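Me: I have a model open and would like to learn how to read its features one by one. Could you walk me through it?

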Amino acid sequence: MSKYGFLKSWIGALVLLALLLTVSAVLAQDAPPEPPADPASEVTADQVNAVASQLYCPVCENITLDTCGVAACEDWRAEIRMYIGMGMTDEEIIDDFVVRFGDRVVGTPQNPALRALSLVTPWILVALALGFTVYTLIRWRSSRDELSSKPAAAVAGAAAAPPDDDYRSRLERDLARDTEDE
Amino acid sequence: MLAEIGLIATALSLIAALYAIGASIYGERRDLEGWVISGRNAALFTAALLLIATTALTIALMNQQYQIRYIWSVSSPNMTDLYRFTALWGSQAGSLLFWTFLMAAFAAGAILTNWRSNRQLMPYATAVMMSVTVFFIALVLFLENPFERYWIVGSEVVTSALIPAGAMAPDTSRLAETANGLNPLLHHFGMAIHPPTLYIGFVGFVIPFAFAVASLAVGDFTTSWIKASRRWTLVAWLFLSLGLLLGGRWAYDVLGWGGYWGWDPVENAALLPWLVGTALIHSSIIQEKRGMLKTWNLFLVVLTFSAVIFGTFATRSGLVDSVHSFARSGVGLPMFLFWFSLTLLSVGLILWRRGRGELRDEHRIRNYLSRESLFVLNNFVFLALFAAVFWGSFGAPIVSEMFMDTQITLGEEYFLRVTPPLFVALFLLMGIAPLSAWSATSARRLGRAVLVPLLMTAVFLLVFVLLGMSSIGALVGYGIVSLSGMVVLYETYRAAAARRRSAGENWLAAFANITRRNPRRYGGYLVHLGITVMGIGMLGSTIFQFETQRTMSVGETIQVQDYQLRYDALLEGQVALDGRLMDIAEVTVLRDGQELAHLRPRRDFFPETAGLNTMTISGSHSNMERDFYVLLVGWEDIAAQSATFKIFINPLVNWIWLGGLILVLGTFVSVWPRGGARVRQSTRVERAAVAPA
């Protein structure tokens with residue numbers, strides 16, 4: 001080897017190192033950034049509970065998901081946390097649970113027919129009852145014929161003059177007299 | 001020995017009750033007084049025999065006789081005497097026996113107090129009460145026998161009420177080791193009171209039902225049945241109200257969700273008879289005073305008792321899923337058939353009498369604003385609430401499962417959509433109806449009468465505004481609810497003032513005397529006031545409830561509205577006397593830096609109990625303004641450095657319990673008999689005072 005052979009090999013090594021450093025620096029610039037923190041970790045328990053309180057535990061009995069203590073419900077709450085972290089809306093999360101577990105997991109069914117059946121029926125019942133009540137009152141009012149004309153024996157058991165009326169009229173008289181006195 | 005005593009007493013009670021039915025009807029139809037009296041005595045004997053059976057089971061529970069299967073399944077050696085006693089109603093068989101005994105005891109009470117005054121109705125009333133009792137005794141004897149024992153026959157363990165051939169008694173110490181223990185949710189003082197009060201409320205309605213059916217049977221269409229059963233109805237209603245309230249308090253303390261009413265199907269099953277029973281209490285007054293609504297009142301009393309039996313069926317059969325359905329068994333089908341046939345027969349009887357024209361009213365409504373008209377509207381609202389709650393709890397889930405093959409749950413969302421308008425109507429009627437007169441009232445007079453209470457309500461709302469409330473919706477709600485309370489206060493004041501002036505008494509004496517003179521009216525007013533106070537509490541705790549969940553490190557303090565909460569320590573694995581393991585968090589509630597309370601929310605674990613074996617007990621700082629309510633949700637096991645808490649601020653929630661107390665007091669006043677000589681004397685004074693000069 002010539003007396004410069006050693007020097008050449010060193011220069012070659014240094015050039016190679018410089019190339020490597022340059023390449024790695026360039027590569028380092030192009031490398032993806034640090035993965036962001038888990039989005040679910042930014043979600044508060046209150047946000048989770050706000051959705052979970054609108055859902056019923058799919059395995060327990062009439063217990064909302066936010067209060068249910070079984071392990072499966074803890075997993076479902078974690079799932080809700082994840083969904084919120086992914087940016088899903090409350091409605092989307094609820095819909096997802098309904099698709100998976102059916103309409104029994106929500107306080108009012110999502111299925112349009114069942115929803116209508118659930119929410120409209122009581123008002124139909126109320127309207128019918130109101131109609132019956134109004135009809136009864138009108139019918140009574142229109143037949144003013146007091147049955148008190150019947151023999152007294154026929155109305156035995158019913159107070160002919162309500163004691164409360166006596167009481168109220170006496171009270172009114174007392175009040176009127178007191179006012180006059182003043 | 002105790003099992004034999006209990007079994008024989010129950011079997012004899014079935015025979016006695018059957019005899020009571022037969023003798024009462026036979027004696028009445030053949031006009032044989034001896035048979036009627038014999039039937040009465042058999043009914044009283046039935047109650048005595050069931051008392052013996054219930055006492056035998058209670059003594060066996062206290063003496064830990066684990067050979068009896070029921071006792072093995074609901075108790076364990078570690079339990080305290082209080083819970084050992086309450087285990088009597090801790091599961092299906094024992095609670096059915098207790099229920100049956102209470103019903104027979106109520107029947108005996110009604111027979112003894114009404115025998116002379118309502119002699120004509122008593123044989124049939126006795127037969128009806130004993131018929132219902134017979135059904136429940138049969139359930140106890142043949143389907144849910146609490147006296148069944150474990151036996152060893154050959155190499156097998158069998159259960160039997162009677163001693164099988166060649167059987168040996170098992171080793172009781174081994175049975176004690178494996179005993180199941182009581183459902184953890186029942187380890188609460190409220191459970192010592194809530195079920196018995198609810199049962200009394202339920203069974204008490206058998207009395208008005210029996211008298212109503214008796215009046216239909218004998219053709220007595222006067223107000224006899226109402227007068228005979230009025231106090232019993234009120235007592236049943238009082239206990240049902242108390243049972244509902246205590247159930248709410250138990251849920252608030254034990255179920256760990258920060259509320260007192262979850263619209264759970266079984267809670268609603270107890271609410272249904274309360275709603276119809278309340279309608280009945282109001283409409284029966286119309287029949288007493290005006291001879292009206294005869295058919296309607298009979299229908300209501302049947303519906304009330306039908307709702308009682310349906311509620312019992314729903315609770316005990318697991319008809320609809322519920323946290324209460326721990327007592328499921330094979331009693332569902334017989335109970336359904338009993339409920340169905342009882343309702344059908346009773347309604348059939350009413351329609352038959354009505355078809356014969358025997359239930360004609362003696363007066364007609366003359367004015368739409370009269371008190372009877374407003375009471376009819378009140379009945380409509382109660383029935384509408386009944387329909388809405390029934391539909392949400394049972395109707396819709398059953399219909400959708402049967403006809404659409406889909407399971408659904410109607411929860412709080414449904415009930416808070418449907419019921420508020422009805423409650424608004426109810427409170428408005430509760431405010432206006434007491435101001436209206438019987439028979440006829442003009443709109444002008446009613447308007448004049450309501451003016452002062454309206455002004456009082458406005459002043460009351462002004463206080464809320466000055467305290468910082470700005471929600472228009474809440475103010476309207478408080479206004480509607482408080483109007484009825486203001487009416488009660490003003491009417492009572494007017495009467496006491498009139499009395500004071502006419503009789504020269506001081507305020508206290510005047511209040512006492514008007515109440516003594518008319519306990520029904522002023523007791524009723526107190527009940528209305530109690531419901532107003534409860535309504536204010538329910539509105540406040542529903543609209544303004546605040547809830548948050550936080551994870552805290554030991555020593556950390558967080559801000560929760562006006563309060564601060566500091567997490568001090570966690571005591572893990574504390575062992576209680578009854579064997580439960582408790583994990584207790586120690587927290588301090590502060591306000592403006594001042595310590596208000598040290599709370600110990602905890603999680604209890606019952607290692608001996610299979611299935612549901614944890615309980616979340618809240619810690620709360622209470623005053624009339626609000627509850628600061630903390631639940632321990634979870635914690636890090638390693639050194640317990642952090643724990644998670646659910647924190648609720650429940651405004652005005654304690655008004656609900658206060659209102660409940662006023663309601664109870666008011667019902668006591670209503671039930672209380674009018675004073676004797678003193679009342680007559682005070683009436684003379686009043687007569688003198690109002691006599692024309």
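Reply: Two strands pair if DSSP finds at least two bridges between them. This is a predicted model, where local features need pLDDT of at least 70 and side-chain atom pairs count only at pLDDT 80 or more, while totals for chains, interfaces and linings use all residues; side-chain values use heavy atoms, without hydrogens and water. Residues are numbered from 1 along each chain as its sequence is written, and chains are lettered from A and ligands numbered from 1 in the order written.

Me: In strand 7 of chain B, which residue is the bridge partner of B:Q574?

Reply: B:M582 is that partner. Strand 6 (residues 563–575) and strand 7 (residues 581–591) of chain B run antiparallel and are joined by ten bridges. Their hairpin has five residues between the strands, and B:G579 there takes a positive phi near 95°.

Me: How many bridges join strand 5 of chain B to strand 6 of chain B?

Reply: Four, with strand 5 covering residues 557–560 and the two strands antiparallel. B:T557 stands opposite B:R566 of strand 6 in chain B. This hairpin has two residues between its strands, and B:Q561 in the turn has a positive phi of about 50°.

Me: What is the strand order in the open sheet of three strands in chain B?

Reply: The order is 2-1-3, with antiparallel pairing. Strand 2 (156–160) and strand 3 (167–168) of chain B are edge strands with a single partner each, so one side of each has no neighbour in the sheet. Strand 1 (residues 149–153) of chain B pairs with strand 2 over five bridges, and B:W151 stands opposite B:V158.

Me: Which domains does the assignment give for chain B?

Reply: Domain bounds come from an automatic or database domain assignment. Here chain B has domain 1 (2–356), domain 2 (442–543 + 655–690) and domain 3 (546–651). The C-alpha centres of domains 1 and 3 of chain B lie 39 Å apart. Counting contact as heavy atoms within 4.5 Å, 16 residues of domain 1 of chain B touch 19 residues of domain 3 of chain B.

Me: What area is buried between domain 1 and domain 3 of chain B?

Reply: Buried area is the accessible area (1.4 Å probe) that two parts lose on being put together, summed over both. For this pair it is about 1,500 Å², with 50% given by carbon and sulfur atoms. B:N78, B:P184 and B:Y252 supply 36% of what domain 1 of chain B buries against domain 3 of chain B, more than any other three residues.

Me: Where does the second largest cavity lie?

Reply: On a 1 Å grid over the protein atoms alone, a cavity is a set of points where a 1.4 Å probe fits but cannot get out, and lining residues have an atom within 4 Å of a point; a pocket is instead an open set with protein on both sides within 12 Å along at least five of seven lines. Grid points are joined across faces, edges and corners, and a volume is the space filled by probe spheres set on the points. The second largest cavity has a volume of about 80 Å³. Domains 1 and 3 of chain B both give residues to its lining, so the cavity lies between them. Among the lining residues are B:M79, B:H187, B:G579 and B:F606.
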